[in-house]
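Me: I have a chain open on my screen and would like to talk through how it is put together. Could we begin with a strand pairing?

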Amino acid sequence: MTDEVLASRSDRRVSGSKKSRSTTAPSKKRSVLLFIRDLLIIFVVALLISFLIKTFLIRSFYIPSGSMMNTLQVDDRIIVNQLEPEVIPISRGDVIVFKDPGGWLLPQAEIVQNPIVAGADWLLSVVGLSAPDSNDHLIKRVIGLPGDHVVCCNALGQMSLNDVPLDESAYVLLPAGETKVSKDDFDVTIPGGSLWMMGDNRYNSKDSRYNGDTVGKGYVPVDNVVGRALVVSWPLAHWAWLDDYPDVFREVEQADKGSE
């Protein structure tokens with residue numbers, strides 16, 4: 001009788017152990033699946049938020065040329081605030097990224113990438129960390145707003161805006177020994193809905209001065225503006241906030257307010 005009882009208890013322990021293992025395995029598997037599901041949800045939500053931020057708030061561009069030196073160097077990456085001009089008005093002195101109005105850029109050869117690199121670049125572009133369309137955009141400094149009268153150069157080599165001479169020494173790069181802020185003289189009045197854009201590297205910038213034979217006659221439609229460049233984000237050694245130098249244009253702004 002005792003042996004039979006012991007055998008029966010032993011059988012129950014073995015049976016219980018098997019049942020415990022059989023229920024534990026599906027439980028662990030379910031936990032793993034739930035973890036993977038949660039990771040996918042987090043990834044999709046993060047991707048969606050990044051896409052919305054890139055679409056409506058900020059995005060990244062890289063600098064392909066030296067036309068904005070020394071403010072920006074070749075291959076710098078910048079963060080652009082896309083709330084300007086839709087929410088925040090454009091100001092003189094802003095560094096602006098804009099779509100080619102037509103004829104400013106030479107035709108670009110198509111970049112061939114292997115599928116892995118192309119896929120990674122596309123994913124980064126969705127969240128605003130890459131800008132495969134940088135070669136279709138330009139970056140310059142806003143000098144003239146709609147209605148402004150821009151003239152260059154006076155006896156001191158300065159540019160005048162609405163009859164106010166500008167001291168642009170804080171950001172303009174000129175060749176050694178040169179004092180004129182533009183190699184070529186010009187006298188323009190900015191039409192409505194347009195901007196007069198110039199590079200900081202004045203003797204090496206194909207800007208509004210040199211696009212008079214294009215469809216837009218050198219003027220950049222406000223509708224072509226992508227946003228204002230806020231900061232140099234990469235490389236870290238170049239990290240800096242981008243100044244719009246309000247002091248340079250202060251007298252012009254004051255004259256505007258006085259005429260209102």
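Me: Which residue does Cys152 stand opposite in strand 8?

Reply: Cys152 stands opposite Phe186, a residue of strand 8. Please keep in mind that this is a predicted model.

Me: How many bridges join strand 5 and strand 8, and in which sense do they pair?

Reply: The pairing of strand 5 with strand 8 is antiparallel and runs over 4 bridges. Both belong to an open sheet of 4 strands, whose order is 7-6-5-8 with antiparallel pairing.

Me: And which strands stand at the edges?

Reply: Strand 7 (164-165) and strand 8 do. Each has a single partner strand, so one side of each has no neighbour in the sheet.

Me: What is Val150 in contact with, leaving aside its neighbours within four places in sequence?

Reply: Val150 is in contact with Ile143, Gly144, Met159, Ser160, Leu161, Phe186, Asp187, Val188, Ile190 and Trp196.

Me: Now the surface. Is Phe35 buried or exposed?

Reply: Phe35 is exposed: its relative accessible area is 54%, and exposed means over 50%. Phe35 lies in helix 1 (residues 2-56).

Me: Which residues make the nonpolar surface patch that includes Phe35?

Reply: Along with Phe35, the patch is made by Val32, Leu33, Ile36, Leu39, Leu40 and Ile42, and its area is about 700 Å². As general background, nonpolar side chains in soluble globular proteins tend to be buried together.

Me: Finally, the whole chain. What share of the residues is buried?

Reply: Buried residues account for 34% of the 260 residues in the chain. The chain exposes about 15400 Å², of which carbon and sulfur atoms supply 60%.

Me: How many helices and strands are there?

Reply: The chain has 3 helices and 12 strands. Among its contacts with a separation of 6 or more, 73% are between residues 24 or more positions apart.

Methods. Residues numbered from 1 in each chain as written. Predicted model: local features only at pLDDT ≥ 70, side-chain atom pairs only at ≥ 80, totals over all residues. Heavy atoms only, no water. Contact = heavy atoms within 4.5 Å. Pairing = 2+ DSSP bridges. Helix = DSSP H or I, 4+ residues; strand = E, 2+ residues; numbered from the N terminus. Buried < 20%, exposed > 50% of the residue type's maximum accessible area, 1.4 Å probe, protein only. Areas by Shrake-Rupley, 256 points an atom, 1.4 Å probe, with all protein chains shown as cover. Patch = residues over 30% accessible without salt bridge, like charges linked within 9 Å, V, L, I, M, F, W, Y side chains within 5 Å. Salt bridge = Lys/Arg side-chain N within 4 Å of Asp/Glu carboxyl O.
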